[in-house]
Amino acid sequence: MKVELRGIHKYFGNNHANNDITLNIPAGTIQGILGENGAGKSTLMKILSGFIHADKGEILLDGKAVFIQSPATAIHHGVGMLHQDPLDFPPMRVIDNFMIGHSGGLFPNRASVTRDFKLIAEQYGFSLDPDAYVDSLTVGERQQLEIIRLLWLGARVLILDEPTTGISASQKEKLFATLRTLAEQGKTIIFVSHKLEDVEVLCHQVAVLRQGSLVGEAKKPFDTKKLVEMMFGKEISLGARQTLERHGSVLSLQNVSIEDVRLKIKDVSLEVSGGEVIGLAGMEGSGQGAFLRACAGIVRPVSGHVKVRGRDLTGKSYHVYKRNGVEFLPAARLEEGLVPGLSLTEHYVLAEKSKDVFINHERGLKQAQEKIAAFNIKGTPVHTIESLSGGNQQRALLSLLRDPLSAVLIEHPTRGLDIESVIYIWGKLKERCRKGTAIMFISSDLEEILQYSDRVLVFFSGRVSQPLDASTTTVEQLGQLIGGKGWAS
Amino acid sequence: MRKSLLTVFAALTVLSLILSACGTPATEVPEPTEAPATEAPEPTEPPAATEAPATEPPAEEQFVFGMLLVGPYNDHGWSQAHYEAGLYVEEKLGAKMIYLDKVNPADRPGTTPDQLAEELVSQGAKLVIFNSDDMKDASTTFAKAHPEINVIMASGDQVWPDGKAYEAIPNMVNIMGRMEYGKMMAGCAAALSTKTGQIGYLGPLINDETRRLAASAYLGAKYCWTEYAGKDAADLKFKVTWIGFWFNIPGFTSDPTQVANDFINTGYDVIISGIDTTEGLTEAKKASEAGKEVFAVPYDFIGSCEEGASVCLGVPYFNWGPAYLETITAAKEGTFESNFQWNGPDWSDINNLETTAVGFVKGDALSPEASAQMDEFIAALAGGLNLWTGPINLQDGTAYLADGEVGTDQQIWYLPQLLEGMEGQSVPQ
Amino acid sequence: MTKNSRWVNVGFQIAALVLALLFTSLILLAAGAPPLEAYKNIVTGAFGSFKKFSDVLVSWVPLLLVSAGLLVTFATGLWNIGVEGQITLGAIATTWALRELQDTGLSPSLILFLAILAGMAGGAVWALLAGALKTFGGVNEIFGGLGLNFVATALTIYLIFGPWKRPGVASMSGTEPFDEALHLSLFPELRLSPWALVIAILAIVFVYFLLQGTYFGLRLKAVGKNFRAAYLLGVPTWQYMMLSFLICGALAGIAGAMQVTAVYYRLIPSISSGYGYLGLMVAMLVNYQAIWAAPVALFFAALNIGSIQLPIVLKLDSSLSGVLQGMLVLFVLIVEGVRQRIARRS
């Protein structure tokens, strides 16, 4: 189906989120939408899929102007959207989740729906068990489920918003293959991403948004440098690897074993020095999460010892670790790291160590202004945390770390962030390293791991590799280990 | 998530409140013959009394009296008997009654009877009737705080000079009927009708009044059991089970329906009610419809046999009208004087509603033979038979009245225990 | 929030009030009663005289205390349904203390002071039980609280019928009234105790500052809004939850103590008078903002007292006030939902 957007405008208060955007997408095209966070990509896609309405402008599908009132209207017109966080209902079976949103009457025919489901799944080479529970699926499998569902509902335009976040390399390959097949069948694919690499590999044509406006379009083959310039208005590189001075051992693990319902990690010993960065690589759920949390006292090891600057803190709570200069930043920012509903100022006051009874609002405000400036957060002290964009939330999360610290443990420090934020955040982290803080982080972005770590631990279903020297390890080597190859049995 | 929880909570609250609010008027069965005037207020005729209380009291010539009823005004029991008496006074005196029913802590949380009495005063009441023992303390408080308002404390003993709790309160009258006689008749009817020799007494809460009434029922039952049925007193079982209040308050009292059924299921074939509502009668009726031979004697209100005429042996009732008329007339004419009244039946005709304070109407279920014996018994009482004559022992065996000794009013009013031969709690444990 | 949007909010609240009145009017019409007449009676019943207004304040005192407490638990994200039981336990503990101390010859004011403290402790202990069930037993505070409410009622009845019965009497109507010396002193001619009034006002002021201006309050809010993040930010979460229960229970306990020492002068079975549930409605209605609790609680108390006139004058059931209160909460929630939807759209 041919999709045309004409003169789309959208305001959020004073923020001009979409400024006169006009786009033509022929049927059978994979259209990339590039732009950093907050450029207006998601807004545009939400307008197209009926979640919000444009203030001005029109949408034409196959040359016919349509008014997309709601997501239901959108799918009725053949437009379906996959979200950054697939909107599913975790405690259900795949097939039940699949049937939601289908107007099949009070008693849908489960058997025939299951047949349809299997048929579509097979067609695209997805191996999803219809009777599995949704919460047991990986992010990639949930995506597959969403794609099947949208196709089954009759989608001819598929919108994917940051679909490669949080899925494994092989799942990404599979996803791309599927999308290519769909495009060949005449379906229109709109692929929203801030990852240049993905867009370059997959898309036929690309539109770049910056600050709400369409700043340029390009067709395959792409000129990377030019795309970057369009996105950021300037050229950016990750910068050279740097290794910093060591400050003696800050975190020491001795024969630590961890068990949770799914896996066991046995006998890990590790010395982490101040100023050092340790990257933890592995497929999601391979044990690196439990390991990182064990280093902060959030998960209790079943045996072994954890020492912070020589002090044995085994079995102590996170708050004791915190008092000893170890802080943990979770990946789920709004779920675990920040408090939605509280303002930036309130966060800083909350993170303060104060024995006072009454809050000194002036001091809090001043502190917030300082942090906002220091961390380049786009927001004001009274902004509630959830009203900030993802990158700014992450900056805020980092700005809450106390000073000085022995060790910072971070899950996915830059997931979902644009490259500018990534560079900024790592700049801030390295600043801490320079002051003697050790950093341990999890990332699914192998380049990030190799770029910023000194040593890397690879996790594969509970097994932990020896520390690898990041400067001599390649992405391929890491990829093999993550995928379970090359382990001594 | 939380918002929706809130909404559900609020919706449920509203729903339940609407149900409770609409429930009452919906189930209100207007009295078939009586009570025409005070029912269903017409929106078009705003009575004088609805005017703001601060302004002039209502029409000068019409005397307004207020009444606080412990239960619903249409409970077919204690409260309705008072309500009907109020209507009687309205008619005879041309006075106007305003009332508030369900005056008890469960139905009107956060209020006290003296506060509610003031609400009546604010609507113009010059005299307030407190109809329950439960409001005794509050009536004292109120009477002392409002010396200009006359107070009738029904069933109370505060202004009984011979009473244990005497206080001089010049603007208060205590009125009570000598229900002891009614209960004796109830007991007699039960004794003459029981096949199993087991009589169950559905008691309200335990206090002086309820003890003496239960004991009177037993005395009447024992008398008729031995004198007319010619049986051995030892074969008569008479058991009292207390529910804890004058009527059922779910969650707070025992359920009288349950208690009545326990009686029926354990061989008690007559239930004498001492409570303000008619569960004893309705349960007996259900049981008899299920094939059991069970009878009941309700209490308080002349019309209470209605709900189960086929099993009703009769009802001892209060007729508050004459006494109220006298006292309210006195109040209206300015001749109100504090006194204590314990009014007996009009022995020339215990069912003469113009004169008697206590009466007994026989029910359909009373056999002709028993009915004749009842007449004989009533005649004997009228002729001076006093069952409160010794020897009477208390439940624990201590002698209360020596052989031939006649109980004084104080001895009867303040009976400390149930009597020997009765089963059930005498005093709370 | 800009000034403008604040006024828009007030507009929405007024709309909710109007809707609630309209709906209640419909119910009244369905019941065959004239709504205006009914509302007029409620107003004159509550504010018709100084004494009536003072009765409204009598009802306002426990309601405000309970609402103040609930603001604290709501801030912590806790649904303290058990507040009814906490009032009751406060009343029981107060009664206990008065009974124990009345013959000791201590000065009555000291006895009263100790009895109110006992009430605080009683309510707090009951709340901590609910908290412990939640924290250590994994029992949701709603279910734990409901269970404890039943236990509290059963305990009251047991005490009234059993160990604390009036001599020779077993009646649901309550324990023996306390000697007049052990009543909180009242304003002359009124049923209102200045002490109770002062305590209630102090309580709401305390809660206002606690939630608005203290580290403690901010931490409670953080726990309420995001338990896990609060933990990672260094707040000892379960301890704060317990403290929140403790404060609410203590305030509810004072409410119970006031019922005993300033209203009924004895323990009665329904001593909590439903103020706990009413307080939940107040707390919801004010959207957890302490500053509004006082006027809204006053409004609810006025409805309670004003509606007594309804059965006298219009032969309507006084639970109409409950309908109006419930409607109000419902419509405020609905209107709030609509407002948020509109806000999201634009």
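Among contacts in chain A between residues at least 6 apart in sequence, 67% join residues at least 24 apart, two residues being in contact if their C-beta atoms, placed from the backbone, lie within 7 Å. This is a predicted model, in which local features need pLDDT of at least 70 and side-chain atom pairs count only at pLDDT 80 or more, while totals for chains, interfaces and linings use all residues. Residues are numbered from 1 along each chain as its sequence is written, and chains are lettered from A and ligands numbered from 1 in the order in which they are written.

The overall form of chain A can be taken next. Its secondary structure comes to 17 helices and 21 strands; helices (H or I, at least four residues) and strands (E, at least two) are DSSP runs, numbered from the N terminus. Along the principal axes, the C-alpha atoms of chain A fill a box of roughly 70 × 55 × 50 Å. Of the 489 residues of chain A, 45% count as buried. A residue is called buried if 20 or more other C-beta atoms lie within 10 Å of its own, exposed if 12 or fewer, and partly exposed in between, with C-beta atoms placed from the backbone.

Chain A is divided into domain 1 (3-232) and domain 2 (249-482), with bounds that come from an automatic or database domain assignment. The C-alpha centres of these two domains of chain A lie 32 Å apart.

Two residues of chain A give a local view. Ala183(A) lies in helix 6 (residues 169-184) of chain A and is buried, with 20 other C-beta atoms within 10 Å. Leaving aside residues up to four places away in sequence, Ala183(A) touches Gly28(A), Thr29(A), Ile30(A) and Ile189(A). Between Ala183(A) and Arg156(A), 27 residues apart along the chain, the C-alpha separation is 9.7 Å. Ser354(A), in turn, is found in the loop between helix 12 and helix 13 (361-374) of chain A. With 14 other C-beta atoms within 10 Å, Ser354(A) is partly exposed. Ser354(A) and Tyr452(A) are 98 residues apart in sequence, and 34 Å separates them in space, C-alpha to C-alpha.

The meeting of chains A and C involves 22 residues of chain A, in contact with 16 residues of chain C. On the side of chain A that touches chain C, helix 10 (318-323), helix 11 (333-337) and helix 12 (344-351) of chain A each supply at least two residues. Helix 12 of chain A gives the most to this side, with four residues. The residues of this side of chain A divide into 13 nonpolar, four polar and five charged; here Ala, Val, Leu, Ile, Met, Phe, Trp, Tyr, Cys and Pro count as nonpolar, Asp, Glu, Lys and Arg as charged, and the others, Gly among them, as polar. Of the two pairs of chains that touch, chains B and C have the most contacts between them. No contact joins chain A and chain B, and their closest C-alpha atoms lie 14 Å apart.

Within chain C, helix 3 (residues 50-75) has 26 residues and reaches 36 Å from its first C-alpha to its last, close to the 38 Å expected at 1.5 Å a residue. The expected span is 1.5 Å times one less than the number of residues in the helix. A kink of about 30° lies at Trp60(C) in helix 3 of chain C, shortly before the proline Pro62(C); the bend at a residue is the angle between axes fitted to the seven residues ending there and the seven starting there. Helix 3 of chain C is largely enclosed by the rest of the structure, because 22 of its 26 residues are buried. Just after this helix, Gly77(C) takes a positive phi of about 75°.

Chain B has eleven helices and 15 strands, and 55% of its 429 residues count as buried. Its domain assignment gives domain 1 (58-177 + 320-356) and domain 2 (179-317 + 360-423). The C-alpha centres of these domains of chain B lie 27 Å apart, and 23 residues of domain 1 of chain B are in contact with 26 residues of domain 2 of chain B.
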